Amino acid sequence: MTEKPKYNEDTVAVWKLPLADGIHEIEFEHGTATGKRVIRLDGKIVRRKDWMFRLVGDEVFEIDNIQCTIKVEPDGLFMYTYDLLVDGKTLEDFCEYVSKNRSTWLITGDDGVENRIILDKASMDIIVNGTQVTDAMSEFIENGTETHFAIGEMLVTIRTEHSCDKKIGVVHSLFVNGALVTEI
């Protein structure tokens, strides 16, 4: 018995995009004979064009108010390259920007549900599973602050403190019920 392929035969590119609410999979189909273009986000079609005379060009769509562009460029005779731009940046540059400006942790509750916690280092906003936390309480500690909030029955603390090393700078640590959680 043969397994059904995960992607359609016209799928030419698949990207993984880390956003505040999780990692999204973007799949792009390009029918090079018909110009057909299909964009799937996490397996669901978000844009479809069945017949196009122009085989190259951009496909623009949004994910949670973030503009994404798939660039289709010629690369020789009947060959194409496919690039994903996110907020005007290449996927690689966007991922680098995210890793420098956000801290991310994954925690699993007693109910087995995985929760993604993101700290935006510039604004100090806390996002849990794509929703901004509005009921957090902050307090000053020696060398920094602690911000407390709850996820279900779990007590969560983000400690922000200066490392006393100019090369390292500010360090953000997450604790759940007093136990340190490793950043991903």
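The centres of domain 1 and domain 2, taken over C-alpha atoms, are separated by 34 Å. These domains cover residues 11-87 for domain 1 and residues 102-181 for domain 2, with bounds that come from an automatic or database domain assignment. The model is a predicted one, in which local features need pLDDT of at least 70 and side-chain atom pairs count only at pLDDT 80 or more, while totals for chains, interfaces and linings use all residues. Residues are numbered from 1 along each chain as its sequence is written, and side-chain values use heavy atoms, with hydrogens and water left out.

**Between the domains**

Five residues of domain 1 are in contact with six residues of domain 2, where contact means heavy atoms within 4.5 Å. The size of an interface is often given as the accessible area lost when the parts come together. Domain 1 and domain 2 bury about 390 Å² between them, and 59% of this is on carbon and sulfur atoms; buried area here is the accessible area (1.4 Å probe) that two parts lose on being put together, summed over both. Of the area that domain 1 buries against domain 2, 76% is supplied by A20, D21 and I23, more than by any other three residues. The side of domain 1 that touches domain 2 consists of three nonpolar residues, one polar and one charged, in a scheme where Ala, Val, Leu, Ile, Met, Phe, Trp, Tyr, Cys and Pro count as nonpolar, Asp, Glu, Lys and Arg as charged, and the others, Gly among them, as polar. Between domain 1 and domain 2 there are zero salt bridges, a salt bridge being a side-chain nitrogen of Lys or Arg within 4 Å of a carboxyl oxygen of Asp or Glu.

**Salt bridges**

| Pair | N to O distance |
|---|---|
| K16 and E25 | 2.7 Å |
| E27 and R40 | 3.6 Å |
| E29 and R40 | 2.2 Å |

E29 lies in strand β2 and R40 in strand β3, so their pair ties together parts that are eleven residues apart in sequence; strands (E, at least two residues) are DSSP runs, numbered from the N terminus. Strand β2 spans residues 22-30. Both E29 and R40 are buried, where buried means under 20% relative accessible area, exposed over 50%, and partly exposed in between (1.4 Å probe, protein chains only). The relative accessible area of E29 is 1%, that of R40 is 17%, and E27 is also buried, at 7%. A network of salt bridges links D10, E27, E29, K36 and R40.

Leaving aside neighbours within four places in sequence, E29 is in contact with several residues, among them N8, T11, V12 and V38.

**Around R47**

R47 is placed in strand β4 (residues 44-49) and is partly exposed, with a relative accessible area of 31%. R47 and E59 are twelve residues apart in sequence, and their C-alpha atoms are 8.7 Å apart in space. Leaving aside neighbours within four places in sequence, R47 is in contact with R37, V38, I39, E59 and V60.

Methods:
Helix = DSSP H or I, 4+ residues; strand = E, 2+ residues; numbered from the N terminus.
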